[in-house]
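Here are my notes on this model, point by point. Please read them with the structure open.

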Amino acid sequence: MSSLEKRAWLTLWSQCPPYLVYFLVQAVWPNWLTTFQQRIACLAVVAGVHAIAYVIGLLWMKRQERGEPLLLDERDRAIDGRATRTAYFVMLTGMIVVGVVMPFSDSGWKLTNTALFAIVLAETVRYALIVAGYRGTPRLAH
């Protein structure tokens, strides 16, 4: 497995579970967290869990790869380019919804959580497409 594919898997496994729990709590129990401090604390815990899991996984991977150069070839660049381009459009769509459509009907934490969801979704799409790019048949063009 390529080092870049391993990093994509690491990002998916460190990011998706904490944010899935966060968004489920927000959807199922929207009034569970009532004050600004409670909401920020919950978001900080989720972001902290994601960061800690990623850093620990990255340190473990770097220890395993000690001495191995991480060089990108044309296939790596093509996979990353396709994944990044698609994720960009996911992010763009989410930000248009949050910044252009939603302000006419919503405000506050609904905007914040929707923007955060768009960011997390875009990152998830990017890394899932990177993994799929390594698992699928090789493509020659973007």
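1. Is Leu121 buried, partly exposed or exposed? Leu121 is partly exposed, because its relative accessible area is 35%. The classes are defined by relative accessible area: buried is under 20%, exposed is over 50%, and partly exposed lies in between (1.4 Å probe, protein chains only).

2. A word on the basis. This is a predicted model, in which local features need pLDDT of at least 70 and side-chain atom pairs count only at pLDDT 80 or more, while totals for chains, interfaces and linings use all residues. Numbering runs from 1 along each chain as its sequence is written, and side-chain values use heavy atoms, with hydrogens and water left out.

3. The protein chain has 4 helices and 0 strands. Its pattern along the sequence is α-α-α-α. Helices here are DSSP runs of H or I with at least four residues, strands are runs of E with at least two, and both are numbered from the N terminus. The C-alpha trace spans about 50 × 35 × 20 Å along its principal axes.

4. Leu121 sits in helix α4, residues 109-135. Gly133 is 12 residues away along the chain, and the two C-alpha atoms are 18 Å apart.

5. Glu5 belongs to helix α1, residues 3-28. Glu5 counts as buried because its relative accessibility is 5%. Leaving aside residues up to four places away in sequence, Glu5 touches Val131, Tyr134 and Arg135. A contact means heavy atoms within 4.5 Å.

6. Contacts across the chain deserve a look. Of those between residues at least 6 apart in sequence, 83% join residues at least 24 apart. Buried residues make up 33% of the 142 residues.

7. The accessible surface of the protein chain is about 9,300 Å², and 69% of that belongs to carbon and sulfur atoms. Areas come from the Shrake-Rupley method with a 1.4 Å probe; for residues, only the protein chains shown count as cover.

8. Tyr88, Phe89, Leu92, Ile96, Val97, Val100 and Val101 make a nonpolar surface patch of about 620 Å². Nonpolar side chains (Val, Leu, Ile, Met, Phe, Trp, Tyr) are joined within 5 Å, like charges within 9 Å. Leu92 lies in helix α3, residues 74-101. Leu92 is partly exposed, because its relative accessible area is 34%.

Terms used: Patches are made of residues with over 30% relative accessible area and no salt bridge: like charges are joined within 9 Å, nonpolar side chains (Val, Leu, Ile, Met, Phe, Trp, Tyr) within 5 Å. A salt bridge is a side-chain nitrogen of Lys or Arg within 4 Å of a carboxyl oxygen of Asp or Glu.
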